[in-house]
Amino acid sequence: MSWRKEQRRAERGYHHGNLKEALLQAALGLIAEKGAAGFTFADAARMAGVSPAAPYRHFRDRDELLSSIAQRGFEQFEQRLTAAWDDGRPDTVTAFERVGKAYLAFAREEPAFYSAMFESGLPADANPALMAAGERAFGVIRAAAERLAALTPPGTPRPPAMMMALHIWSMSHGVASLFSRGDGARRKLPMSPDELLEAEVLIYLRGLGFPIDRRPTAKGAEPPPVPPEASSTSGSSPGGTSGGPWGKLK
């Protein structure tokens, strides 16, 4: 391809106002092919059919491009988890099982986004918008953990909801990363990833003393939803410890 032809393609893309989106899609394709660390800013420009200088119109550097992709991934991730949780309907345990399945499905169906979100090596606090998107996604898991903690049987110590949320997220992320990826990183498993995650979570909840085999059927059998102000403080770790890819967890 001649430089003049490449320049014409770049100008055409920018003229139509789609250069930023073209670069995001090009980078997603490269992540799917080579991983989050396997391409350069120039590679993204080449894949989008623009000059090496064109991406600087919208992104400071490769990290900012990756950050934008990760942010978009977390936004879509949050939507998937929120829809699966459905405010805990018809009961907490059933809704929570759906959240786990949605987590694995996202990793399987959107491996490039998942890689950008968790494997890009970007500092969690480098981009406030990315950090906020990660917090909102984690907030769905935390809300589910609050409701699960509220089901603690009488006489059983109630575990901190934040601890439960981090434990369950760790299990989900481990299964997703090893067995539910839609790319070459997926490992073979003699059962479905959904079955593995369900077994892990059930064993975990049983170990905490939860009556996970007795799902309420009567209306009002479950505790009411935890108010937002309670969710923001209950189970917090001292000083608001860092949550890794999720950012700071207050």
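Which residues do ring pairs link into a cluster? They are Phe 74, Phe 77, Tyr 103, Phe 106, Tyr 114 and Phe 118. This is a predicted model, so to speak with care: local features need pLDDT of at least 70, side-chain atom pairs count only at pLDDT 80 or more, and totals for chains, interfaces and linings use all residues. Residues are numbered from 1 along each chain as its sequence is written, and side-chain values use heavy atoms, with hydrogens and water left out.

**Ring pairs**
- Rings of Phe, Tyr and Trp (its six-membered ring) pair if their centres lie within 6.5 Å; planes under 30 degrees apart are stacked, over 60 edge-to-face, and the rest tilted.
- That rule gives seven aromatic pairs.
- One of them is Phe 74 with Phe 118, edge-to-face at 5.5 Å centre to centre and 75° between the planes.
- Phe 74 sits in helix α4 (residues 62-85) and Phe 118 in helix α6 (residues 111-119), so this pair ties together parts 44 residues apart in sequence; helices here are DSSP runs (H or I, at least four residues), numbered from the N terminus.
- Phe 74 and Phe 118 are both buried, meaning under 20% relative accessible area with a 1.4 Å probe, protein chains only.
- Tyr 114 and Phe 118 have ring centres 4.9 Å apart and planes at 55°, so that pair is tilted.
- Tyr 114 and Phe 118 are four residues apart in α6, about one turn of the helix.

**Around helix α3**
- Phe 41, Asp 43, Ala 44 and Ala 45 are buried in helix α3 (residues 41-48).
- Just after α3 comes Gly 49, with a positive phi of about 80°.

Notes:
Helix = DSSP H or I, 4+ residues; strand = E, 2+ residues; numbered from the N terminus. Buried < 20%, exposed > 50% of the residue type's maximum accessible area, 1.4 Å probe, protein only.
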